[in-house]
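Welcome! Let's take a short tour of a protein model, topic by topic. Keep the 3D view open as you read.

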Amino acid sequence: MEESSNSPKLIYEEKKAIKLFLWLFYIFFLGYDLFYYYLLHKFTNYGKVGIPDDGLGLWLYIIILCFLPLSIYIIKKGNPYLVKYIILLSYIITDIINALMIYFGTSLTFAMGNIVDVLFIFFSPIFVNKKYFWSASVGIIGKYILLGVVLKDLNVLPPILTTLIIAAIAFIVLIRFYSYINSLTYVHEELRQKEKLAVIGQMAAAIGHEIRNPLSSLKGFTQLQQERNPNSNNYYPIMIQEIDRINSIVNDLMYIGKPRELKFEKTSIEEVIAYTLSITQQQAERQGITVETTMVEPLPPLNCDVKQLKQVFLNLIKNAIESMPEGGMMQVHVKAVESHKMYISIQDEGCGIADENILNLGEPFFTTKKDGTGLGLMVTNQIIKDHNGELKIESVIGKGTNVKVILPIIQEKIEIHNSTIIQISAK
Ligand code: ADP
Ligand code: MG
């Protein structure tokens, strides 16, 4: 589709387009002149017979026919993308020279305007290439403007106008092609992503399952040891903490590509937020982060899976804290709107998210942290999706990030959306 692409399939497509283009070019060019200089005269009194003796005369045809071996040579050299530009340029130059030889310094009025011009623009969508479309349109119109200026002849206006109209039509067709191809690419990409996730998900679930059992006995025995030797050393809490960490990573892994069963119950959002803040409080204090929480009363109870919702806010608040290693302020704001939607926003003053990373957020294993897993946002996204909610991320690099979670207050009928609901914007 674009010049930069070197895939054999696309090169093959380009060659097919060039072949079609060359056929059309010669049929139009020779057909038009055949009609104009032979047939027209037969039936009307209009026009002259035979090869024109003005301008380049016979040379015009010789030069134009030379484009063919030149094109074949360039294709053979492996540059099929170049051919259309070279033909376009050679044609324009030849045509200008021909026109100048006929009209320059004479009192003849300009009466040219070749059907081949139309071909260049009208069929430009076959290359599905905007650059070529613009080159052809600007080139052909430029040719007439140049001739108009040099010959001081306003008769170039009709062909300019015709060209503009044809260009507008071709542009619409081209845009349709582009839009269609983009949708196809998008669908294909989505499918590929889903398949990838399914494979990773199966693998992760299998491995996770195998790890969890030995992990829980390891934790049990470590706790037992700790109880038996309460005074021996301080390493047991660290060991238990690390086992918990492995466990939470394994849990996240098992989330990839498949939703969990949800246990909906009436929950107070204040409690969920308070719980998550209490767990993260120590880390926040260590980093010198002040936390400001505002809850706009009244807050109706949410119908949701508490355990999973806690996981959501734990991930988001942890990300906010981790984005401010040098301290700062984190604001958690909760409000209910029209008693059917709950808005929870988490604003930090951290590093922000770079533009080039924005699209990767929520992809499994995408992380910019040294010991990050890149699973937090994916799990969060999945849980919010299962709750029919929305996740919006706004970030200004160097200034901070605002993460908004919007949850329906009453879960009526859960429809699992297939589309991704993570909405991200950078400023
Ligand atoms: P992890 O935290 O393990 O890296 P996440 O899925 O939670 O994985 O986050 C993925 C990435 O998104 C992070 O590595 C970070 O680059 C970016 N990110 C998420 N939240 C924030 C935030 N509040 N501020 C800055 N960057 C963030
Ligand atoms: Mg995280």
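Let's begin with one side chain: Phe120 is buried, with a relative accessible area of 0%. Keep in mind that this is a predicted model.

**Aromatic pairs**

- Phe120 has a partner, Phe25, and the two rings are edge-to-face because their planes stand at 65°, over the cut-off of 60; their centres are 5.7 Å apart.
- Phe25 is buried as well, with a relative accessible area of 0%.
- Where do Phe25 and Phe120 lie? Phe25 is in helix α1 (residues 8-43) and Phe120 is in helix α4 (residues 115-122), so their pair ties together parts that are 95 residues apart in sequence.
- Phe133 and Trp134 make another edge-to-face pair, with 5.1 Å from centre to centre and 70° between the planes.
- The structure holds 18 aromatic pairs.

**An aromatic cluster and two charges over rings**

- One aromatic cluster takes in Phe21, Phe25, Tyr26, Phe29, Tyr61, Phe67, Tyr85, Tyr91, Phe120, Phe127 and Tyr132.
- Phe127, one of the cluster members, has Lys84 over its face, at 5.0 Å from the ring centre.
- Lys335 places its charged end over the ring of Tyr343, 5.7 Å from the centre of that ring.

**Domains**

- The protein chain is divided into domain 1 (8-152), domain 2 (190-257) and domain 3 (265-424).
- Between the C-alpha centres of domain 1 and domain 2 there are 70 Å.

**A look at helix α8**

- Helix α8 covers residues 269-286, which is 18 residues. From first C-alpha to last, α8 reaches 26 Å, close to the 26 Å expected at 1.5 Å a residue.
- Where is the kink in α8 centred? The kink, of about 50°, is centred on Thr280.
- Thr280 is also among the buried residues of α8, together with Ile269, Val272, Ile273, Thr276, Leu277, Gln283 and Ala284.
- Here is a handy rule for reading such a list: an α-helix has 3.6 residues a turn, so residues three or four places apart point the same way.
- What do the buried residues of α8 pack against? Their neighbours are the strands β1 (265-267), β2 (289-295), β3 (302-304), β4 (328-337) and β5 (341-347), plus helix α9 (306-322).
- Just after α8 comes Gly288, with a positive phi of about 70°.

Note on methods. Residues numbered from 1 in each chain as written. Chains lettered and ligands numbered in written order. Predicted model: local features only at pLDDT ≥ 70, side-chain atom pairs only at ≥ 80, totals over all residues. Heavy atoms only, no water. Domains from an automatic or database assignment. Phe/Tyr/Trp six-rings, centres within 6.5 Å; stacked < 30°, edge-to-face > 60°. Helix = DSSP H or I, 4+ residues; strand = E, 2+ residues; numbered from the N terminus. Buried < 20%, exposed > 50% of the residue type's maximum accessible area, 1.4 Å probe, protein only. Lys NZ or Arg CZ within 6 Å of the ring centre and 35° of its normal. Expected span 1.5 Å × (residues − 1). Bend = angle between axes of the 7 residues up to and from the residue. Contact = heavy atoms within 4.5 Å.
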